[in-house]
Amino acid sequence: MEYTITRGVCGQEGCRERRYYLDNGLWFCRRGHQQEGRQVEEDPEDYGVQGRTHRVKKDVVEKSQKTYRGQRAYSLFLQIYQLILWKQSHALVHDRGFPAQFENVIRDLWALRLEGFSSKINTNMSETETEEPEVFSSQAADTDDESDKAFKPSGKRVQWPRLVDSIALCYMGALLMRLPIGIADFHRMVMQGDVPYLRIIKTIPREMRDKLSPEYLSLFETTRLPKAEHFHKAALELILFYHRRSGVHFPPLNAPLLLFRFIKRLTLPIDIYPAVTQLQKLVGFTFTYPPTIAGKRRSLHLPEVQMMTLIVISTKLLFPFDDVKRYPESARDPSTQAIDWQLWAQVQRHFDNREKSSGRIGKGNEVLVNEKDVFSMTPNQLDEYLDWYEKSWLDSSKGANSLADLFPLGPTGAESQPTAPPSEADDEASLDSMLETVTRQLKTMKVVADPESEVPRPGSFYPRYRLDTDLPETVRPFYETAAKVVGIPLSTLVKTVFQTEVRMGHWQEDRRRMEYYGEVMDMEFPGDADVDDIEEAGEIDE
């Protein structure tokens, strides 16, 4: 069998072979790949003459366009986005126990959103297949209506749905169904992979991906680590957008259940609950997203932040962090109990690190691993991280590679499989144990019933902290945990608490004037201009 090296690279299935052999008039490379268009035929008129080669030309095949352009690309982009929404709502219903009607609510919200794209999709454009893709904005949608043009969330025109808006839509669906779930819960499910979000493009069928240009596919890529405050901002913008365009009114939070969940997660006594409800009436919080906002968007426009702000203030009033002894007038006063804040911080750290203490990375922490962490990992942690990497980053829809067999994937044995992550029931058991530990160590304060006694009373010497750098070491752990539970930065929580405390101080001053002078003063509630000028406290970052 003779070989020649006069031909080029084979190129089939990544083959780099340059040597070929002839078999029954057909050329094959040394690895057995038949070469198209290279055929040797014998001329019947020249019997006995061999070696004459005739090139058989291949039929001209019209190449189809690989990626869509124009109108077809717009439609395919929206279809993929709709598929992502379905995957997320399906995971919430079947894996996280959401009601079955949740998928219908998300479908209706998306149907309202599609109305803004109808003019773009249904327009009869000439030469749509050869149009260049539109330059996308990272905002939501826009129409030709003059009334809608005035609505510019974050100062930009709304154009196309973002990936972060899909989680915001899921949160809006839960809000419409009055489910006691917060933005931080959605963020945790995203980080743990319970809701498809990170590397969502891997779950899109390859037939759809191949038809979409890179400009569109880039909108489904997560270029930065998602944070809970991103979801807060997206939810606020979309709720304003739906109210402006479609007149959708969103109900307030399911305050009783969500407030109870926040208090339980912070392992605080149940006495915080009535204190928050009283302060809510005082400052006028409604725990509802505003239908419209005049001026800048601030964190106090978020109902969950309002609730957490009142929890922090109630805790500072009833269970202060300093060593000043305050004596209540009655044994029924909640301030007769005092929390051991050092023990509180210790059990909170133990709760946050319960998976790491068992030798695991912790579900949802894999994406936070950097190159320095690898050197200190145990074999089980390395297996856990590589399993997560394989699940999140490797695309199984691509064709098989001959070299892939040299690097088998998945665990090689039962001993290499990491232990199962803690279930939701285990988390609830750990939370109950933490709450029991804290409440068992509550201290009892002395009661001084004499109203004429000049002893410090609960609420006296109340401290205010303007910035997060002003927090004492005994107070910082509580603020950090509260900020993490509600899903905002520590600095934002400190500013919103300070802003609310200033409003309450103005209310108290007006009340004193009314008692002494009999004047009826206008009480100031959230949204008044003079308080909004306090260092632009709690402003949502653009």
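Modeller: Here is a quick tour, from the overall picture to single residues. Keep in mind that this is a predicted model.

Colleague: How many helices and strands are there in the chain?
Modeller: The chain has 19 helices and 5 strands.

Colleague: What share of the residues count as buried?
Modeller: The figure is 42% of the 542 residues. The chain exposes about 30600 Å², and carbon and sulfur atoms supply 50% of that area.

Colleague: Which residues have the most contacts inside the largest nonpolar core?
Modeller: Phe186, Ile311 and Tyr479. That core has 113 residues. Helix α1, residues 70–94, gives the largest share of it, with 11 residues.

Colleague: What does Ile311 touch, leaving out residues up to four places away in sequence?
Modeller: Its partners include Leu259, Phe262, Ile263 and Leu266. Ile272 and Val276 are also among them.

Colleague: Let's follow Ile272. Where is its place?
Modeller: Ile272 is in helix α11, which covers residues 272–283.

Colleague: Is Ile272 buried or exposed?
Modeller: Ile272 is buried, because its relative accessibility is 0%. Beyond four places in sequence, Ile272 touches Ile263, Ile311, Ser314, Thr315, Leu318 and Phe319. Take Thr315: 43 residues separate it from Ile272 in sequence, yet the C-alpha atoms are 6.8 Å apart.

Colleague: What about the loop before that helix?
Modeller: Thr267 is in the loop between α10 and α11. Thr267 is not a glycine, but it has a positive phi of about 50°. Thr267 is also buried, at 0% relative accessible area.

Colleague: And Arg199, what is its phi?
Modeller: Positive, about 55°, and Arg199 is not a glycine either. Its loop runs between α6 and α7. Arg199 counts as buried, at 17% relative accessibility.

Colleague: Switching to charges. How many salt bridges does the structure hold?
Modeller: The structure holds 18. In one of them, Asp432 pairs with Lys264, with the closest N and O atoms 3.1 Å apart. Asp432 is in helix α16 and Lys264 in helix α10, so the pair ties together parts 168 residues apart in sequence.

Colleague: Which residues are linked with Glu17 in a network of salt bridges?
Modeller: Arg19 and Arg30. The side chains of Glu17 and Arg30 meet at 3.6 Å, N to O. Glu17 is in the segment before β1, and Arg30 is in the loop between β2 and β3. Glu17 is buried at 9%, while Arg30 is partly exposed at 44%.

Colleague: How do β1 and β2 pair?
Modeller: They pair in the antiparallel sense, over 4 bridges. Leu22 has Trp27 in β2 as its bridge partner. The hairpin has 2 residues between the strands, and Asn24 takes a positive phi near 55° there.

Colleague: Last one: which residues form the nonpolar patch on the surface?
Modeller: Val374, Phe375 and Leu382, with about 310 Å² of accessible area together. Val374 is in helix α14 and is partly exposed, at 36%.

Notes
Residues are numbered from 1 along each chain as its sequence is written. This is a predicted model: local features need pLDDT of at least 70, side-chain atom pairs count only at pLDDT 80 or more; totals for chains, interfaces and linings use all residues. Side-chain values use heavy atoms; hydrogens and water are left out. Buried means under 20% relative accessible area, exposed over 50%, partly exposed in between (1.4 Å probe, protein chains only). Contact means heavy atoms within 4.5 Å. Patches are made of residues with over 30% relative accessible area and no salt bridge: like charges are joined within 9 Å, nonpolar side chains (Val, Leu, Ile, Met, Phe, Trp, Tyr) within 5 Å. Accessible areas come from the Shrake-Rupley method with a 1.4 Å probe; for residues, only the protein chains shown count as cover. A salt bridge is a side-chain nitrogen of Lys or Arg within 4 Å of a carboxyl oxygen of Asp or Glu. Two strands pair if DSSP finds at least two bridges between them. A nonpolar core is a set of buried Ala, Val, Leu, Ile, Met, Phe, Trp, Tyr and Cys residues joined through side-chain atoms within 4.5 Å.
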